[in-house]
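Let's take a walk through this structure together, starting with the overall chain and then settling on one helix.

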Amino acid sequence: MPIHYGSKQLNFQTISSPLGTQLPQAAGAAYALKASGLKACTIAYFGEGAASEGDFHAALNMSATLSCPVIFFCRNNGFAISTPSHEQYRGDGIASRGIGYGVDTIRIDGNDILAVYNATKAARAIAVDLGKPVLIEAMTYRVGHHSTSDDSSAYRSKQDVEDWKRLDNPITRFRKRLEKQGLWNQEQEDAFKAEIRKEILVAFKQAEEKKKPSIANIFTDVFDTIPTHLQEQRDELLEHIKKHPDFYPTADHAQ
């Protein structure tokens with residue numbers, strides 16, 4: 001999918017949409033790092049909903065028994081997609097599962113930026129220096145919808161969301177910490193917002209001026225060599241566009 005980014009240069013491995021699939025992949029990649037002798041580890045991010053998948057259990061057991069240098073970072077926001085955590089499990093969150101598998105585990109305040117940083121830094125030292133897996137459960141809250149197709153007001157009250165935004169917003173909390181230390185103030189805040197707004201508007205304008213890609217590109221973004229069945233579909237679509245141009249007034253016929 002378009003949001004599944006990957007970068008060999010930055011060591012980001014592209015994931016897939018099905019929940020939990022990245023967890024055994026992270027354990028396997030960590031085992032490969034161990035076998036190669038590199039002083040490095042992998043880290044996989046997932047929600048408490050993904051921890052209900054079988055891949056989660058397979059990944060933790062594999063990493064524990066093979067001593068894989070991997071960090072499993074669970075963001076427990078309480079709702080998965082739309083299912084409250086009390087309907088997902090009866091145990092004490094996700095942290096207790098790591099202990100059960102013999103994995104070093106810590107639960108932290110996921111809305112505390114410094115706690116997240118320090119816990120991840122310590123987990124990396126354990127994974128790299130001791131060759132052991134670590135599970136981090138970060139307790140947080142999702143104030144937005146899960147996705148563009150999700151209406152979270154169907155399963156939680158808007159008042160709850162507003163209370164969390166007002167009382168436990170991680171950005172607001174960190175800003176107040178910086179202000180107490182004299183590292184930030186309202187004048188800097190206003191100037192920063194104005195500067196960022198200008199950058200966003202420029203980016204919007206540049207994006208809007210770009211031409212749309214050829215409609216044929218919907219068949220060329222997965223395979224290096226287009227399979228025969230996709231070639232046939234592409235040719236059929238382009239032929240249909242030529243015969244019915246009124247239905248595709250903005251279509252680019254380029255192949």
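The protein chain has nine helices and four strands (DSSP runs numbered from the N terminus, with H or I over at least four residues for helices and E over at least two for strands). Reading from the N terminus, their order is α-β-α-β-α-α-β-α-β-α-α-α-α. The chain is more spread out than a compact globule, because its radius of gyration is 23 Å, well over the 18 Å that the globule rule gives for 255 residues (taken over C-alpha atoms; the rule is 2.2 Å times the number of residues to the power 0.38).

A word on the model: it is predicted, with local features needing pLDDT of at least 70, side-chain atom pairs counting only at pLDDT 80 or more, and totals for chains, interfaces and linings using all residues. Residues are numbered from 1 along each chain as its sequence is written, and side-chain values use heavy atoms, leaving out hydrogens and water.

Buried residues (under 20% relative accessible area, 1.4 Å probe, protein chains only) make up 28% of the 255 residues.

Now look at helix α1, residues 22-36. The buried residues of α1 are Gln22, Leu23, Ala26, Ala27, Ala30 and Leu33. They lie on the same side of α1, because they cover an arc of only 140° around the axis (from the directions of the C-beta atoms). Their cover includes β1 (42-47), α2 (54-65) and β2 (70-76). Just after α1, glycine 37 takes a positive phi of about 85°.

Methods
Buried < 20%, exposed > 50% of the residue type's maximum accessible area, 1.4 Å probe, protein only. Contact = heavy atoms within 4.5 Å.
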